[in-house]
Amino acid sequence: MIVCRVETEPAYDVVVAAGLLSRAEEVLPAAAAPGRVVVISDENVAPLHLPALRESFKAHEADVTEVVLPAGEEQKTLARAEELYGVLYERRMTRHDTVVALGGGVIGDLAGFVAATYLRGVGLVQVPTTLLAQVDASVGGKVAVDFRAGKNHVGTFYQPRAVMADVDTLTTLPAVERRNGAAEVVKYAFLMGDEMLFPVEAALERAPTSGERDPVGLCDERIIAACVGYKAAIVAADEREERGDRQLLNLGHTVGHAIEAAGGFRRHSHGEAVGLGLAAALWLSRRCTGLPATEAERGERLLDAVGAPRRLEGVDPDLVVDMVSRDKKATAGEVPFVLLEALGRPVRGIRVGPGLLAEVVAWLRDR
């Protein structure tokens with residue numbers, strides 16, 4: 001069991017371990033007093049993991065209600081949040097009770113947003129079941145729903161009482177979901193440099209080479225905990241994005257989020273879009289911040305190794321450029337990018353003009 005402390009206000013632990021769902025009572029006493037619990041999950045995750053969590057809560061003498069939603073990004077709406085407010089109201093939830101988000105990033109964002117805004121905040125425990133959610137989305141307190149074409153445009157900062165990352169849940173994922181999460185692991189490798197690049201590259205070299213690429217080697221407690229530890233340090237220094245440090249975590253996400261939105265959140269998954277966004281960041285870093293060609297090539301090899309898409313397909317490049325201008329961090333029509341001087345040496349606040357932005361999106365389409 002690896003425990004990462006996130007020193008926010010309030011502080012909390014991220015516990016990374018195998019078999020954690022069946023012994024969640026080891027974490028729960030520090031996370032939530034016995035009382036009413038509403039577990040929010042989706043129809044993909046609930047049949048696999050809800051029974052084990054239910055038994056753990058019984059051992060904790062909690063009064064549990066379960067809500068199982070359809071799966072997919074399209075669930076992250078204000079309308080769905082309103083439905084969940086109704087569940088909490090009917091359950092007579094108080095600030096001393098707990099919402100548990102059991103699932104991937106969509107469930108974590110939606111359930112977290114509901115917990116943050118109902119009664120100005122009820123207890124929240126994140127139980128991420130995807131690689132993407134375990135290394136990134138469940139940590140740091142960003143919770144939100146989508147609004148119109150904007151990803152996460154309605155949201156807030158709200159820290160959970162605990163995060164329980166059971167790596168055994170990752171074995172139930174299809175390969176495509178592990179590839180989605182692998183894109184976020186690659187992001188952390190680009191940010192951290194050799195201390196993360198070497199173990200990630202080694203884990204991928206040990207993976208089977210036949211059939212579709214499946215980065216199962218990244219579903220490792222130490223790799224997941226290293227990603228969480230890096231993010232925890234950034235979040236502790238800049239919890240509400242007021243100092244600017246937290247912008248580093250957006251590496252690859254400015255173009256990535258635009259690709260997601262341009263495809264109506266259906267054409268590309270978050271991980272696929274981030275993979276393309278990271279490729280764009282390498283290209284821009286060669287031209288704007290002097291990233292050496294050998295390091296850009298190393299980064300592209302890593303993206304290929306985890307099965308990230310090679311080209312932007314099925315999305316209008318002009319719409320991607322327009323969506324970048326609508327990014328939450330845009331000022332005067334431009335978005336400050338996070339780029340790389342070298343792998344392990346990120347720089348933030350880089351302005352990318354519309355011409356260069358259109359050029360890199362065209363490169364993603366034509367490469």
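Colour the chain by relative accessible area to begin: buried residues (under 20% relative accessible area, with exposed over 50% and partly exposed in between, using a 1.4 Å probe and protein chains only) account for 56% of the 367 residues. The model is predicted, so local features require pLDDT of at least 70 and side-chain atom pairs count only at pLDDT 80 or more, while totals for chains, interfaces and linings use all residues. Residues are numbered from 1 along each chain as its sequence is written, and side-chain values use heavy atoms, with hydrogens and water left out.

Next, switch to a cartoon of the whole chain. It shows 13 helices and eleven strands, which are DSSP runs numbered from the N terminus (helices: H or I, at least four residues; strands: E, at least two). The radius of gyration is 20 Å, close to the 21 Å of the globule rule for 367 residues, so the chain is as compact as a globular protein of that length; the radius is taken over C-alpha atoms, and the rule is 2.2 Å times the number of residues to the power 0.38. Along the principal axes, the C-alpha atoms fill a box of roughly 60 × 45 × 35 Å.

Display contacts (heavy atoms within 4.5 Å) next. Of those between residues at least 6 apart in sequence, 76% join residues at least 24 apart.

Finally, select helix 2, residues 46-59, and find Pro-51 within it. Is Pro-51 buried, partly exposed or exposed? Its relative accessibility is 35%, so Pro-51 counts as partly exposed.
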